[in-house]
Amino acid sequence: MVAFKNMGWLSEISIFMGENKAKRFVPEEPKKPSHLGILSFEIAKIMSRLLSLYKSLSDDEISKLRNVMKSQGIAYLNSKDEGFLLSLACAEMLEDLDKLAAAVARLGQKCIDIGLNRFDLVYTDLKLGIADFGKLEYGSKQTEKRVAKMKRLTGATAGLYSALEALAELEISERKLKQWKNNSPTQLQNANFDHFNQKLEQQRKRVCHFREVSLWSKTFDKSVGLMARLVCIIYARICSVFGPSNPVLSIKDKILPRSGPISSTSKPILVRFYSSKSIFSLHGEHEGLGAEKLAKNNRVFHDAGPSTVGGSGLAMRYANVIQLAEKYLDSAASVDQDERESLYQMLPENLKASVRIKLSKNMKRAQEDELLAAGWRDAMAEIMRWLAPIANDTMKWQWERNFDRMKFDSKPSVLLLQTLHFSDKEKTEAAIAELLVGLSCIYRFENRDCNDHF
């Protein structure tokens, strides 16, 4: 095996490749370094998503994830099998990382550095199994410095984006003022534009400042180099965290854990991972999923079976129903007829029928003894305690991935296992039906104006 020692940052992470693959790196004509310019916003989004994924793999976040997996809602609706849930988390993280690595590789084609220019080959070889873990240490002093630098750059780029938006509004106002001045010079001749012009000039200086300190003025090699390093570090961390609980991420060689700065005298630790195609197979039966493959071609979202809420295309609808029910349960005021009817119409036909049947039975019993309604509110609050968090995370997951505007948020994201996507459809509908019947009974006996179906 031959190490490429003269390929910029590649020598730092000691990616080893075969001699036959070395021939693929043929230097082209010298290129001049180019700055990111308008592409800085796209790169800032990619960088922010990498930082979010990096943070989600910290010891604290992994500990939180394990606690979330033990919550009543996920255990009841999704699965009690911790290994299965960890496989879900691992598959989704790898899918996200693969997409980000592809984006970095695309941007790397504009780099001068040969390793960055063909980062797709570097990432492929990393997944094939040879890496120096001594140089891919998660949380090391050097890594944290790079992460801090990326935070500063994304923060400054977000500031530039906001400053440019404000400047655009001011320049529109400036053009309007000039038109008014030309059309009605007598009416505006005594107007004082000094304050406006001063504000406009200050905003232009603010934009210039952000351009200097943000990704706008950075070269492709510097920016892509930071992201490429982090991609490799994140991949190594995913394998380290999920490998022990995932047979597909089995580690053949021993990993020697370290923390803090990496010693310059430490020898490379070669580790082979058998996850080159990122395909995860589920073994055994799991609640709501059967024995289906979990992430064929890393398409985790589409691997929810027909017996799940997400596989039936109802995750967002049921999340909305649960959130509205929570709002009505907490509301001190009575919910009017139109609101109740609107909520009822959000339900699919089978759930409407279930609600009608349950409501009919409960109303007959309640006519005999109205005291049965006394504990409904407490019972509904208990259901909502474990059902609402899953619904809220379902909405948050969708928002995080479909938000159209420029988003430079590096907070850890919600994972699919925390949502209704892989929840058992029958159990989820039973809980929602019970919730809506309870709300109906509460309003019948507390407000005496509820109709028969809800």
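With which residue does D98 form a salt bridge? In this predicted model, local features need pLDDT of at least 70, side-chain atom pairs count only at pLDDT 80 or more, and totals for chains, interfaces and linings use all residues. Residues are numbered from 1 along each chain as its sequence is written, and side-chain values use heavy atoms, with hydrogens and water left out.

The partner of D98 is K127, with the closest N and O atoms 2.9 Å apart; a salt bridge is a side-chain nitrogen of Lys or Arg within 4 Å of a carboxyl oxygen of Asp or Glu. Because D98 lies in helix α6 and K127 in helix α8 (residues 119-128), the pair ties together parts 29 residues apart in sequence. Helices are DSSP runs (H or I, at least four residues), numbered from the N terminus. K127 is buried, with a relative accessible area of 5% (buried means under 20%, exposed over 50%, partly exposed in between; 1.4 Å probe, protein chains only).

The structure holds 14 salt bridges. Among them, R66 pairs with E82, the closest N and O atoms being 2.5 Å apart. R66 belongs to helix α4 (residues 59-69) and E82 to helix α6, so this pair ties together parts 16 residues apart in sequence. R66 is partly exposed at 29% relative accessibility, and E82 is partly exposed at 32%.

A further salt bridge joins R204 to E174, with the closest N and O atoms 3.5 Å apart. R204 lies in helix α11 (residues 194-213) and E174 in helix α9 (residues 141-183), so parts 30 residues apart in sequence are tied together. E174 is buried at 17% relative accessible area, whereas R204 is partly exposed at 31%. Through shared partners, salt bridges join E171, E174, K178 and R204 into one network.

How values were computed:
Helices (H or I, at least four residues) and strands (E, at least two) are DSSP runs, numbered from the N terminus.
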